[in-house]
Amino acid sequence: MAFDFKKEYREFYMPGNQPGMVKVPPMNYVAVRGRGDPNDEAGEYKQSIGLLYGIAFTIKMSYKWAYKIKGFFEYVVPPLEGFWWQDGGKEGMDYSRKDQMNFISAIRLPDFVTQQDFRWAVCEAAEKKRQDFSKAEFFTCEEGVCVQCMHIGSYDHEPKTVEIMHEYAREKGYEPDFTDTRLHHEIYLSDPRRCSADRLKTVIRHPVREAE
């Protein structure tokens, strides 16, 4: 049976619909950076998704190459993720200014994939698909201590869940800790093309620190 990150690491991918604390270890991703309204069909965000899956599936499906790597295993490509912020401050998202959103769109890579392996995959995908994958990067993120929660519903309604998360964190003695590297983080467990907005499942994760 293929290894499924969502099932094997439920604490990171399948939290409850009530907030909880989690310590997230370093993880490697294929990532694409950009800016703009994520709903713009011709925008950078929509384009980034194609690049991510192009690399992710090149790695997954290249069995002849992959089986030469110590530690390789058959796996399900992890879900799409996104790190988000807006200019002028990283604490929270103003959903009325979607055109000013900055993002790092990402898909987690298995631990056996090295930077050298990643560079091979970029070249392989570019050659096979006749497409420019130069925007894709090998991205390592170490989030550390965070508060997270499963948000069910429209992305536009996330602020209500975020408010509950921050209140929970304060009760536990923590406060938000947004920096240039600790960002608003979302993990998308539902496909909005196949799921109504009120049933979308999204993990929301915010970095925190002990309150002063």
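**Cores, a cavity and one serine**

Modeller: Begin with the largest nonpolar core, which has 48 residues; V30, I55, F83 and F118 touch the most other members. Helix α3, residues 44–61, gives the most to this core, with 7 residues. Keep in mind that this is a predicted model.

Biologist: What is F118 in contact with, leaving aside its neighbours within four places in sequence?

Modeller: F118 is in contact with V30, I55, L109, V113, A136, E137 and F138. There is also a second, separate core of 7 residues. Among its members are C149, V162, M165 and V208.

Biologist: How do I look for empty space?

Modeller: Rolling a probe the size of a water molecule over the atoms shows where empty space is left. In this structure there is 1 cavity of 30 Å³ or more. The largest cavity has a volume of about 40 Å³.

Biologist: Which residues line the largest cavity?

Modeller: The lining is made by F83, C141, E143, C146, T181, R182, L183 and P207. Sorted by class, that is 5 nonpolar, 1 polar and 2 charged residues.

Biologist: Now a single residue. Is S190 buried or exposed?

Modeller: The cut-off for buried is under 20% relative accessible area. S190 has 17% relative accessibility, so S190 counts as buried. Look for S190 in the loop between β10 (184–188) and β11 (201–210).

Biologist: What does the side chain of S190 reach?

Modeller: The S190 side chain reaches the backbone nitrogen of K201 at 2.9 Å. Not counting residues up to four places away in sequence, S190 touches Y155, C195, R199, L200 and K201.

Methods: Residues numbered from 1 in each chain as written. Predicted model: local features only at pLDDT ≥ 70, side-chain atom pairs only at ≥ 80, totals over all residues. Heavy atoms only, no water. 1 Å grid on protein atoms, 1.4 Å probe; cavity = no way out; pocket = protein on both sides within 12 Å on 5 of 7 lines; lining within 4 Å. Points joined across faces, edges and corners; volume = space filled by probe spheres on them. Nonpolar A, V, L, I, M, F, W, Y, C, P; charged D, E, K, R; others polar. Core = buried A, V, L, I, M, F, W, Y, C linked by side-chain atoms within 4.5 Å. Buried < 20%, exposed > 50% of the residue type's maximum accessible area, 1.4 Å probe, protein only. Helix = DSSP H or I, 4+ residues; strand = E, 2+ residues; numbered from the N terminus. Contact = heavy atoms within 4.5 Å. Polar contact = N/O pair within 3.5 Å; in protein donor to acceptor, adjacent residues only side chain to side chain.
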